Amino acid sequence: RNDGVSSAACPLVYPEAAAHSAFDAVEDRSCLEEGVMGEGPLGRLAGLTHSFPLYEDREITGVGGLQKIGEWIDSGSLALDGSHGFPLLFELLTGSVGLRVLPGDDPHRWGSALLRFVPLEQSLKRGTLMSTLRLL
């Protein structure tokens with residue numbers, strides 16, 4: 001257009017796409033398949049023996065809840081075979097442990113978020129335990 005009005009050019013630059021985790025790309029329903037790991041549809045769950053950590057309080061709330069989350073992440077104990085790992089994540093995802101930082105928090109959502117802190121070498125491969133947690 002040439003009507004005497006000049007317009008300044010503004011280049012459009014798109015930022016680099018952020019790298020994303022392959023966590024959500026893993027399709028693993030091995031906990032529902034017969035005989036993938038162990039006997040029967042439960043696989044390794046059928047013979048799971050673990051001394052589950054018993055919390056003094058079944059409700060972990062407020063600042064104490066936030067401190068626990070920090071401890072679990074910093075210590076790396078969310079590995080499936082770690083000191084918390086599968087048992088803690090399972091209890092959060094089923095609502096057995098009431099982790100709430102804010103009064104309206106849902107333990108399932110905390111379990112879903114913390115599930116992403118399972119080490120990649122465990123979370124990106126097929127296995128009954130991780131498959132069970134993903135399904136929940």
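**Entry 1: Phe-117**

I started with Phe-117, which sits in the loop between H3 and helix H4 (120-123). A reminder to myself: this is a predicted model. Is Phe-117 buried, exposed or partly exposed? I found a relative accessible area of 45%, so Phe-117 goes down as partly exposed. Leaving out residues up to four places away in sequence, I see Phe-117 touching Ile-73 and Leu-78. I also checked Phe-117 against Ser-77: they are 40 residues apart in sequence, and their C-alpha atoms are 9.4 Å apart in space.

**Entry 2: the overall layout**

Next I stepped back to the whole protein. I noted 5 helices and 2 strands, and along the sequence they follow the pattern β-α-α-β-α-α-α. Of the 136 residues, 33% are buried. Among contacts between residues at least 6 apart in sequence, I found that 67% join residues at least 24 apart. The protein exposes about 9200 Å², with carbon and sulfur atoms supplying 56% of that area.

**Entry 3: H1**

I then looked along H1, with its 14 residues. From first C-alpha to last, H1 reaches 20 Å, close to the 20 Å expected at 1.5 Å a residue. Which residues of H1 are buried? They are Gly-65, Ile-69 and Trp-72. These three lie on the same side of H1, because they cover an arc of only 65° around the axis. Val-63, Asp-74 and Ser-75 are exposed on the other side of H1. I listed what the buried residues of H1 pack against: strand S1 (59-61), H2, strand S2 (98-100) and H3. Just after H1 comes Gly-76, with a positive phi of about 75°.

**Entry 4: H2**

How many of the 10 residues of H2 are buried? I got 8, so H2 is largely enclosed by the rest of the structure. The buried residues of H2 include Gly-85, Pro-87 and Glu-91, along with Phe-86 and Leu-88. Their cover includes H1, S2, H3 and H5. Gly-95 follows H2, and its phi is positive too, near 80°.

**Entry 5: the nonpolar core**

I had a general expectation here: in soluble globular proteins, nonpolar side chains tend to be buried together. The largest nonpolar core in this model has 20 residues. Trp-72, Leu-80, Leu-89, Leu-99, Leu-114, Leu-115 and Leu-133 are the members that touch the most other members. Helix H1 (62-75), helix H2 (85-94), helix H3 (107-115) and helix H5 (128-135) each supply at least two residues of this core. The largest share, 5 residues, comes from H2. I followed up on Leu-133: beyond residues up to four places away in sequence, Leu-133 touches Leu-80, Phe-86, Leu-89, Phe-90, Leu-93 and Leu-115.

**Entry 6: Ser-131**

My last stop was Ser-131, in helix H5. Ser-131 counts as buried, because its relative accessibility is 1% and the cut-off is under 20%. What does the side chain of Ser-131 reach? I found the backbone oxygen of Asp-28 at 3.1 Å. Setting aside residues up to four places away in sequence, I have Ser-131 touching Asp-28, Arg-29, Ser-30 and Cys-31.

Conventions. Residues are numbered from 1 along each chain as its sequence is written. This is a predicted model: local features need pLDDT of at least 70, side-chain atom pairs count only at pLDDT 80 or more; totals for chains, interfaces and linings use all residues. Side-chain values use heavy atoms; hydrogens and water are left out. A nonpolar core is a set of buried Ala, Val, Leu, Ile, Met, Phe, Trp, Tyr and Cys residues joined through side-chain atoms within 4.5 Å. Buried means under 20% relative accessible area, exposed over 50%, partly exposed in between (1.4 Å probe, protein chains only). Helices (H or I, at least four residues) and strands (E, at least two) are DSSP runs, numbered from the N terminus. Contact means heavy atoms within 4.5 Å. The expected span of a helix is 1.5 Å times one less than its number of residues. The arc is that of the directions from the helix axis to the C-beta atoms. Accessible areas come from the Shrake-Rupley method with a 1.4 Å probe; for residues, only the protein chains shown count as cover. A polar contact is a pair of N or O atoms within 3.5 Å; within protein, one must be able to donate a hydrogen and the other to accept it, and residues adjacent in sequence count only if both atoms are side-chain atoms.
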